[in-house]
Structure formats: C-alpha cells, structure tokens
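Here is a short briefing on selected sites in one protein chain. Keep the sequence and the model side by side while reading.

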Amino acid sequence: MRIKFLALNKVPSVTCDVRDGLVMYSDDKGIYKQDFFIPIESASQIDESQDPNYTQVAHLAVDWVSKNLYLSIISTRLPNFMIAVHPYAGIGSPPPVSGVEKYSYLYIFPRYDWIIESIAVHPNRGYIFLGVSERSGEHSGVYRFNSDGTDKKLLYNRQNVTSLAIDYKEDRLYWICQDGTTLESAKIDDYATDSRKLDVLNMKTVSVDSKWAYVSNYTGVWRVDKLSGTAVTKLKNVNPGEEMLAGTTIFSAESQPLLDDHPCAVNRGGCQRLCFAVPDSNEAVGLKKKCGCLIGETLQADGRTCV
C-alpha cells in the first residue's frame with residue numbers, strides 16, 4: 001500500500017495515530033494530517049504553520065491517548081532547537097484550537113549546537129525521549145522528560161543517537177548509535193544497556209514491534225530479531241538514483257496499546273487545550289493529569305480552562 005502526501009516540499013518526519021487511522025507529517029511550510037484509509041483526492045491539508053518564527057519541523061512523535069503531537073522545531077528568532085506540542089483532533093471530532101496560536105513550547109535547549117535527532121513518546125508512562133547531539137559530545141545522548149517538558153534527565157551519554165523507538169509492552173527503548181551499525185536498548189527505568197552489531201551499514205531509523213526491529217538507511221529496509229540482532233532480512237530495496245527512503249513507521253494497533261484508566265484518555269481529561277499525563281507513583285495507574293495552555297494563554301484557577 002502506498003500513500004501520497006499532500007505536502008509540496010520534502011517530508012522530513014512522519015508519525016501515525018493507529019487508533020484513529022491518522023498519518024501526520026511535516027514539511028517546511030507546516031504540519032499535515034491525513035486519514036490513512038481515504039484516497040488522496042478526499043484528504044485535505046490541515047494546520048499550516050501559524051508561527052512566523054519557525055523555519056522547519058524536524059521531528060514528530062504522537063501521543064495517541066492524549067491527542068498531543070510533539071515536535072522539534074528550529075526558530076529563526078532563537079537559533080535553538082525547541083520541543084513543542086500541538087493538540088490535534090481525532091477523526092470525527094472538532095479541533096481543540098480555534099483562532100489562537102497552535103503550539104506550546106515545552107523546552108528550549110540552551111545553545112544552537114544542541115540538535116534534536118529524534119523524538120519518541122511513551123503515553124502510558126508519561127515520558128518523552130529525545131536523541132540529542134551536541135558539538136563537544138559531553139551532553140550528547142538520550143534524554144528523558146516528563147510529558148509536559150519538566151524533569152529533564154540525561155539517561156544514556158552517547159554520541160549522535162540518530163533514531164529512537166519504544167517497545168511499549170516491554171517498556172524498552174531502542175536507538176541507533178553513531179557508527180550506524182549498532183542497535184542499543186535499555187529498560188526505560190534502568191541505566192544498564194545492551195547492544196548488538198547488525199550486518200547493515202549507515203542505519204538511520206529504527207522502529208520495533210513485539211519481535212522485530214525494522215531498520216533503514218536511504219536505500220533499504222531490513223527486519224532483524226530485536227533481541228539477538230540475528231535473522232537480518234532485507235524487505236525493501238530502493239534505487240538511490242530514483243528515490244530515497246526517509247524512514248520506517250509501524251502502523252499496528254499492537255504498537256500503540258491503551259492503558260486502562262489513563263487520565264487523559266477521555267475528552268482530554270477535561271482539559272480545554274492540552275492534557276499531559278505525568279508520572280506520579282501515588283496514583284493507581286502511575287500517572288496524574290496536568291492541563292496545559294498554548295502560547296499567549298494562561299491556565300485558569302479551575303486547572304483546566306485557558307484564557
């Protein structure tokens with residue numbers, strides 16, 4: 001099956017909300033959303049950028065429970081990478097924003113040479129993970145934030161982590177190392193890592209399901225046993241003279257599980273704009289709801305509306 005994107009320019013990042021059958025992607029003009037199952041003639045562009053300060057959305061990751069789209073952007077006003085969040089509507093539901101700035105900035109990295117290489121979101125644990133490279137290497141590696149951008153931690157100090165993926169059932173994080181041939185992983189609450197060398201060169205992206213890791217470079221996609229690094233099988237080959245692969249994304253309900261009693265699962269938890277499920281060990285599900293607002297708005301005393 002093949003989807004034609006509506007974007008007129010290069011598409012650097014693609015993500016999906018399997019539960020609503022949505023594919024979301026970006027180019028240098030804005031963010032787009034398409035129904036995966038509707039022909040291109042019936043689809044339409046939404047959410048063209050309304051922020052005049054941003055030049056490009058580099059990476060996207062979706063929280064399919066809270067209906068939050070996380071993105072890294074680079075600003076022409078502030079030459080720093082930033083994490084932002086954009087609420088989106090599921091199929092058949094009205095957009096959460098009308099006539100106001102559509103983003104909320106969660107974190108701005110301190111200097112221009114901190115570059116976000118990848119984003120992954122774990123809605124059922126309340127975390128955002130970032131692969132970050134920094135010129136000196138001292139601050140490069142995998143970072144973890146709470147879903148609202150608070151509590152930044154450097155988990156694994158690595159050079160140039162180029163791609164991140166999460167096994168949501170095993171709570172395990174996977175990433176590609178700087179050499180482009182090594183796949184590493186770790187439990188998200190454990191600092192111990194393991195690695196496996198693959199018989200694939202210049203890997204750029206990784207995605208995982210219950211058994212396999214799918215890795216790609218510009219010319220092909222391979223399937224590999226994610227635990228052992230064996231059983232490497234090439235699934236797709238691309239002629240670089242005609243086209244190039246940007247990456248892989250798994251479109252499967254199994255890859256996006258739903259946590260029972262998730263605080264943001266129903267109507268954004270009652271939040272008007274943004275619902276963040278942040279870690280809280282005192283709650284039965286390990287998460288608590290925290291409402292948020294967009295740029296130029298203030299959260300009111302009721303803790304859920306924005307003005």
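Aspartate 17 sits in strand S1, which spans residues 13–17. This is a predicted model. Aspartate 17 has a relative accessible area of 0%, so it counts as buried.

**Around aspartate 17**

- The side chain of aspartate 17 comes within reach of two backbone nitrogens: that of arginine 19, at 3.1 Å, and that of aspartate 20, also at 3.1 Å.
- Beyond four places in sequence, aspartate 17 touches Leu22, Met24, Val62, Trp64, Lys67, Tyr88 and Gln256.
- Aspartate 63 is 46 residues away along the chain, yet its C-alpha lies 7.9 Å from that of aspartate 17.

**The nonpolar cores**

- In soluble globular proteins, nonpolar side chains tend to be buried together.
- The largest nonpolar core here holds 30 residues. Leu71, Phe129, Val142, Leu164, Leu173 and Trp175 touch the most other members.
- Several strands each supply at least two residues of this core, among them S2 (22–27), S4 (54–63), S5 (68–75) and S6 (81–87).
- A second core is separate and has 21 residues, including Ala61, Phe109, Trp114 and Leu294.
- Which residues does phenylalanine 129 touch, not counting residues up to four places away in sequence? The list includes Val142, Leu155, Leu164, Ile166, Leu173 and Ile188. Ser118, His122 and Arg144 are also on it.

**Valine 161**

- Valine 161 lies in the loop that links strand S11 (153–157) to strand S12 (163–167).
- Leaving aside neighbours within four places in sequence, its contacts are Glu117, Gly131, Gly141, Val142, Trp175 and Ile176.
- Glutamate 184 is 23 residues from valine 161 in sequence, and their C-alpha atoms are 9.8 Å apart.

**Positive phi in two loops**

- Most residues other than glycine have a negative phi.
- Asparagine 202 has a positive phi of about 55 degrees. Asparagine 202 belongs to the loop between strand S15 (194–197) and strand S16 (205–208).
- Arginine 268 also has a positive phi, near 55 degrees. Its loop runs between strand S19 (233–237) and strand S20 (274–279).
- Why does arginine 268 count as buried? Its relative accessibility is 14%, and the cut-off for buried is under 20%.

Methods:
Residues numbered from 1 in each chain as written. Predicted model: local features only at pLDDT ≥ 70, side-chain atom pairs only at ≥ 80, totals over all residues. Heavy atoms only, no water. Helix = DSSP H or I, 4+ residues; strand = E, 2+ residues; numbered from the N terminus. Contact = heavy atoms within 4.5 Å. Buried < 20%, exposed > 50% of the residue type's maximum accessible area, 1.4 Å probe, protein only. Polar contact = N/O pair within 3.5 Å; in protein donor to acceptor, adjacent residues only side chain to side chain. Core = buried A, V, L, I, M, F, W, Y, C linked by side-chain atoms within 4.5 Å.
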